[in-house]
Amino acid sequence: MELKHVNATVKTPATAFTGDVYMTPIYNGTGPSRMTVALVRFTPGARTNWHSHAVGQTLHVTEGVGLVGTRDGSVVRARAGDTVICPPGEDHWHGAAEDTFMSHLAMLEAEPDGGDPTTWLEPVTDEQYKTANQT
């Protein structure tokens, strides 16, 4: 057994997020585990860029209301206690609804060689976000 103390919270980079988003690393697995877990907090209207994960991603909403969108225009409105599973290689984005904070646990696996499994893409446009908020 090992106790890990709380890691410092960091503001996420504007190159991959729109709005104010803060991330607290929780766990980075070491062999054989490749699991990575972070608590991510989004201010109202904040969101990720489009991105995908080589092995997929699981999002568990812990507070507020979040939106998760895919390229086909599908949007899931997730509330505290809901879990959203994003399949491997699927372009998606996630963030807070326009009128509430949202926090989620982001869980994913590193590449087998330990590399970053995330491919960051372009920002979600204001129009895409506005449409998603109407769901």
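What follows is a walk through this structure, from the whole chain down to two single residues. Keep in mind that this is a predicted model, in which local features need pLDDT of at least 70 and side-chain atom pairs count only at pLDDT 80 or more, while totals for chains, interfaces and linings use all residues. Residues are numbered from 1 along each chain as its sequence is written, and side-chain values use heavy atoms, with hydrogens and water left out.

Let's start with the big picture. The protein chain has 12 strands and 1 helix; helices (H or I, at least four residues) and strands (E, at least two) are DSSP runs, numbered from the N terminus. Read from that end, the order is β-β-β-β-β-β-β-β-β-β-β-β-α. The radius of gyration is 14 Å, close to the 14 Å that the globule rule gives for 135 residues, so the chain is as compact as a globular protein of that length. For the record, that radius is taken over C-alpha atoms, and the rule is 2.2 Å times the number of residues to the power 0.38. Along its principal axes, the C-alpha trace spans about 45 × 30 × 25 Å.

Of the 135 residues in the protein chain, 38% are buried, where buried means under 20% relative accessible area, exposed over 50%, and partly exposed in between (1.4 Å probe, protein chains only). The chain exposes about 7,400 Å², and carbon and sulfur atoms supply 56% of that; the areas come from the Shrake-Rupley method with a 1.4 Å probe, and for residues only the protein chains shown count as cover. Among contacts (heavy atoms within 4.5 Å) with a separation of 6 or more, 66% link residues 24 or more positions apart.

On to the strands. Two strands pair if DSSP finds at least two bridges between them. Take strand β3 (residues 21–28) and strand β4 (residues 35–42): they run antiparallel, joined by 7 bridges, and a hairpin of 6 residues connects them. Within this pair, T24 has L39 as its bridge partner in β4, and P25 stands opposite A38 in β4. β3 also has strand β1 (residues 10–11) as an antiparallel partner, over 2 bridges, with K11 opposite Y22 in β3.

Which residues does L39 touch, once its neighbours within four places in sequence are left aside? The answer is Y22, M23, T24, I26, T62, S103, H104 and L105. L39 is found in strand β4, and L39 is buried, with a relative accessible area of 18%.

Finally, have a look at S52, found in strand β6 (residues 51–53). S52 counts as buried, at 11% relative accessibility. Beyond its neighbours within four places in sequence, S52 is in contact with G89, E90, D91 and H92, and also with P117, T118 and T119. C86 lies 34 residues from S52 along the chain, and 8.6 Å separates their C-alpha atoms.
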